[in-house]
Amino acid sequence: MTMADLPDVSSPNVGLAHPTKEEMKQTWTLNAENWGSALSLEDYLEREEYLTAIPATRDGGVTHWILTDTTLPPNARPVLSSCESLRRPAIVSLPSPNPSNTPDTSSTQPTTKQTITHGIGSVFCPPSHRGRGYPKHMLHLVGLALKTHQKNVGECYFSILYSDIGKKFYTGLGWGVFHSSHIFLPPLSAEPNGTNGTNGHTEPLARELYSSDIPALCEKDCLNITKLVEHKAKETGKPSVALLPNEQTIQWHHLREAFMTSKLFPSRPAPTIHGAISSGPIGQRVWILFTRAFYGPLEDPKAGNMLYILRLVVEDESTSREEENTKKLEAVLKIAQREAKEWGLNGVTAWNVNDNTKGLLRKAGVEHEEVDREEDSICQLRWYGEGKSNMESLEWVVNEKFGWC
């Protein structure tokens, strides 16, 4: 189809559809140049198909969308633009109405609900189709559709995306900009005695986390996040939301990681270390879950290959535990930095670290950089309830890398 044959974006025939397998493969082949440079085309196509059938995506966990001429039959219609949406568990806490309109919300109990959200990703328009407004129109339609999409599974109060083209484009379509910062730590070689912060004669301050450790951590973390979201709504009088890092969400990242390492390091087994946790009783620990992300050639430092901390938790942020937490945080981060070195990654990145944890990092003297992102991985949210989709009207709690899609 030539440019002259492409339909005008305002045509009533131009609308949303779900692609066939053939149309999905056509789209993946075209966008491999953008997102598949770490792999051969064959391996990239295999990865994309594989990621549609893992626990987090099967049974409707992922939905593929295309903008097309809806009057034409499947496989004979143009794919004008495409994207996907991943369904994720979420929590929403809505403040109770305040009839007196006073700033004091301490006596009102918010309504907290287990919900779903949809994360939009892989927004793509073929180069030959650009300049005609197709992605903008597609996202307008998808944004409306997601409000009621899969309502039989759960109610959707908001949708999210992570922009790699700055802050303006998606803001104009209804997705407001939220905190998009991170800390970066360089990779480190393993300590000579391998004791993760001890002198070799005492209990290590931290140990590695494996797959078997994750379910219990995720279950407790989701409960704690639910309480935190409810507290935030009560404290601020604003709707508060969070994605929930349940086991399946974390597994999505680790299965993606395992596929990538199987292709890039065919002679090595898949990574088994998925995080680190400090010593101490439940309620006084510091722990992280992480994943290794490969975006380009291993030998290219500009490829952005990175160890991402999916979730960072300091279980007790009391001032009285500051000194202890400082040592524990340093110990768990050293394990992440060691893994980054082991797998040839540029370093370690953690998203939207709170002020308390930043203070611990500074106190520990850990070498790190604090970055406010302006162009890539901009966290954006579209609210379907009353009010606006911005930081002044809404609280997005624990907005960390595990939510990325």
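How far apart should the ends of helix 5 (residues 214-236) lie at 1.5 Å a residue, and what separation do its end C-alpha atoms show? The 23 residues of this helix should span 33 Å, and the end C-alpha atoms are 32 Å apart, so the two values agree. The model discussed here is predicted.

**Overall form**

The secondary structure of the protein consists of 8 helices and 16 strands. Its radius of gyration is 22 Å, close to the 22 Å given by the globule rule for 405 residues, so the protein is as compact as a globular protein of that length. Along the principal axes, the C-alpha atoms fill a box of roughly 75 × 65 × 35 Å. Of the 405 residues, 52% are buried. Among contacts between residues at least 6 apart in sequence, 78% join residues at least 24 apart. The protein exposes about 18,700 Å², and carbon and sulfur atoms supply 50% of that area.

**The nonpolar cores**

The largest nonpolar core has 39 residues, and the members that touch the most others are I288, L307, I309, L329, V332, L333 and V348. Helix 7 (residues 322-342) gives the most to this core, with 7 residues. With residues up to four places away in sequence left out, the contacts of I288 include I309, V332 and L333. I288 also touches L209, H274, G275, A276, R311, L312 and A336. A second, separate core has 37 residues, among them L209, W252, L289 and W383.

The buried residues of helix 5 are I214, L217, C218, D221, C222, I225, T226, V229 and A233. Just after helix 5, G237 takes a positive phi of about 75°.

In helix 8 (residues 355-364), T357, K358, L360 and L361 are buried. These residues cover an arc of only 155° around the axis, and therefore lie on the same side of helix 8.

**Helix 1**

T27 has its place in helix 1 (residues 21-35). Beyond its neighbours within four places in sequence, T27 is in contact with V79, S82 and F124. N34 also belongs to helix 1. The C-alpha atoms of N34 and G280 are separated by 44 Å, and these residues are 246 apart along the chain.

Most residues other than glycine have a negative phi. N352 has a positive phi near 45°, and its place is in the loop between strand 13 (348-351) and helix 8. V398, likewise not a glycine, has a positive phi of about 40°. V398 is found in the segment after strand 16 (395-396).

**Accessibility of selected residues**

How accessible are the individual residues described above? The table lists the relative accessible area of T27, N34, N352 and V398. The cut-off for a buried residue is under 20%.

| Residue | Relative accessible area | Class |
|---|---|---|
| T27 | 8% | buried |
| N34 | 44% | partly exposed |
| N352 | 15% | buried |
| V398 | 16% | buried |

T27 counts as buried because its 8% is under the cut-off of 20%.

Definitions and conventions: Residues are numbered from 1 along each chain as its sequence is written. This is a predicted model: local features need pLDDT of at least 70, side-chain atom pairs count only at pLDDT 80 or more; totals for chains, interfaces and linings use all residues. Side-chain values use heavy atoms; hydrogens and water are left out. A nonpolar core is a set of buried Ala, Val, Leu, Ile, Met, Phe, Trp, Tyr and Cys residues joined through side-chain atoms within 4.5 Å. Buried means under 20% relative accessible area, exposed over 50%, partly exposed in between (1.4 Å probe, protein chains only). Helices (H or I, at least four residues) and strands (E, at least two) are DSSP runs, numbered from the N terminus. Contact means heavy atoms within 4.5 Å. The expected span of a helix is 1.5 Å times one less than its number of residues. The radius of gyration is taken over C-alpha atoms; the globule rule is 2.2 Å times the number of residues to the power 0.38. Accessible areas come from the Shrake-Rupley method with a 1.4 Å probe; for residues, only the protein chains shown count as cover. The arc is that of the directions from the helix axis to the C-beta atoms.
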